[in-house]
Amino acid sequence: VDPARDTFGAMTGLYGAIQPADSVSLSTRTHGAVFNLEYSPDGSVLTVACEQTEVLLFDPISSKHIKTLSEAHEDCVNNIRFLDNRLFATCSDDTTIALWDLRKLNTKVCTLHGHTSWVKNIEYDTNTRLLVTSGFDGNVIIWDTNRCTEDGCPHKKFFHTRFLMRMRLTPDCSKMLISTSSGYLLILHDLDLNKSLEVGSYPILRARRTTSSSDITSSGSSGPRAVGSPCHQNNSGPPAEKTLSRPAQREGGSPRNSLEVLTPEVPGERDRGNCITSLQLHPKGWATLLRCSSNTDDQEWTCVYEFQEGAPVRPVSPRCSLRLTHCIEESNVGRGYIKELHGFGIRLLGFDAHCSELVDCLPREASPLREIRSLYSHNDVVLTTKFSPTHCQIASGCLSGRVSLYQPKF
């Protein structure tokens, strides 16, 4: 038996017995909605990003309150990201990013200025120690945390696209995924964060639909979307395929930072989805999970797409496709918010009824996600949830400001 899978089976059993832990239920009361939760890498601290400019810190094991950063920002705090066990970053609608040190929380390490609109996402490349942020100004900005001072960090604009919603790095930091409110998913391959990508300076791969379960054996794909192209071009249509000069191409493969534009298949909306509001990645980088809404905004779906890597046919041809493997329809509640979950609680979902790993139960056709357990402990729409990296524990936060913890009960 593979020890890792044996451990995975034990953890599945523990999560199968998980319940709301009322004794460690945390309420933020006057701090507004909970927009984001983040555990430190060692699981010793749970941070809470609040609507009313505050960041809360708790000990998730004892449920004790550690600290309130009462004026962490001048507007809503949207996202938190730990760089290591002591340093973390927060971003806000005040267009700034702040760096914090758990050993000295009375003051910020520094404040980073560079975005011109709400900052929604923070990622961190552990290989280069570069901080990556994205905002509703459409910009992805790189910050050199190796050279931070009290005045900030050196930074540069890495990428720009219209309608930007979410940005993520794959676990090995080899790809950047960007979802848009116009239904596109952008993938930057062979990522090189040290190179800025000005408009027109990067190779754009052909925009196309993702592979559906019925198209697995088909070599063709439907045409690109004709409206709402996310990349700034002179024409109004989708980005055309561009050729990069030979010096920028790598021998035997696509050039660095090749951009692929996909329109993921959405169940119940065979044409296309209208908005990709949430974007998550499998911990091993095998798949991506998207939360999509329909064109008419009356349906929402959680969809899992498998990455299907392949050698490029030519230097600038598409080399990564997404195949819809699992999906489930969500309750269409909490309109106007970027929801990670649904309703007034959380659902534990599996690829099958036995909580098998994706590689062990990959279906030939798109299958429904299986509901393993439902946990309802909120009286408002749940906006965010996180698994502890070290303990069998889940945290969730809702629109009315309540934070709940869940752990096994036998």
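Biologist: Does C153 count as buried or exposed?

Modeller: C153 counts as buried because its relative accessibility is 9%. Buried means under 20% relative accessible area and exposed means over 50%, with partly exposed in between (1.4 Å probe, protein chains only). This is a predicted model, in which local features need pLDDT of at least 70 and side-chain atom pairs count only at pLDDT 80 or more, while totals for chains, interfaces and linings use all residues. Residues are numbered from 1 along each chain as its sequence is written, and side-chain values use heavy atoms, with hydrogens and water left out.

Biologist: With which residue does C153 form a disulfide?

Modeller: A disulfide is a covalent bond between the sulfur atoms of two cysteines. The criterion here is a pair of cysteine sulfur atoms within 2.5 Å. C153 is bonded to C148, with 2.1 Å between their sulfur atoms, and the count by this rule is 1 disulfide. The link between C148 and C153 is right-handed, with 50° about the S-S bond. C148 is partly exposed, because its relative accessible area is 27%. Elsewhere, C50 counts as buried at 0% relative accessibility, and C398 likewise counts as buried at 0%.

Biologist: How many aromatic pairs does a search of the whole structure find?

Modeller: A pair of aromatic rings is described by the distance of the centres and the angle of the planes. Rings of Phe, Tyr and Trp (its six-membered ring) pair if their centres lie within 6.5 Å; planes under 30 degrees apart count as stacked, over 60 as edge-to-face and the rest as tilted. The search finds 3 aromatic pairs. One of them is the tilted pair of F82 and F88, with 5.2 Å from centre to centre and 40° between the planes. Both F82 and F88 are buried. Ring pairs also join F82, F88 and W100 into a cluster.

Biologist: Why is the pair of W118 and F136 tilted?

Modeller: The planes of W118 and F136 lie at 35°, with the ring centres 6.1 Å apart, so the pair is tilted. The pair links distant parts of the chain, 18 residues apart: W118 is in the loop between β10 (110-113) and β11 (119-125), and F136 is in the loop between β12 and β13 (139-144). Strands (E, at least two residues) are DSSP runs, as are helices (H or I, at least four), numbered from the N terminus. W118 counts as partly exposed at 41% relative accessibility, and F136 counts as partly exposed at 32%.

Biologist: Which charged end sits over the ring of F136?

Modeller: A charge sits over a ring if NZ of Lys or CZ of Arg is within 6 Å of the ring centre and within 35 degrees of the ring normal. For F136, the charged end is that of K120, 5.2 Å from the ring centre.

Biologist: Where is T133 found, and in which strand?

Modeller: T133 belongs to strand β12 (residues 130-135). T133 is buried, because its relative accessible area is 0%. Contact means heavy atoms within 4.5 Å. Apart from neighbours within four places in sequence, T133 is in contact with residues including I97, H115, N121 and M167. A polar contact is a pair of N or O atoms within 3.5 Å; within protein, one must be able to donate a hydrogen and the other to accept it, and residues adjacent in sequence count only if both atoms are side-chain atoms. The side chains of T133 and W143 are joined by such a contact of 2.9 Å.
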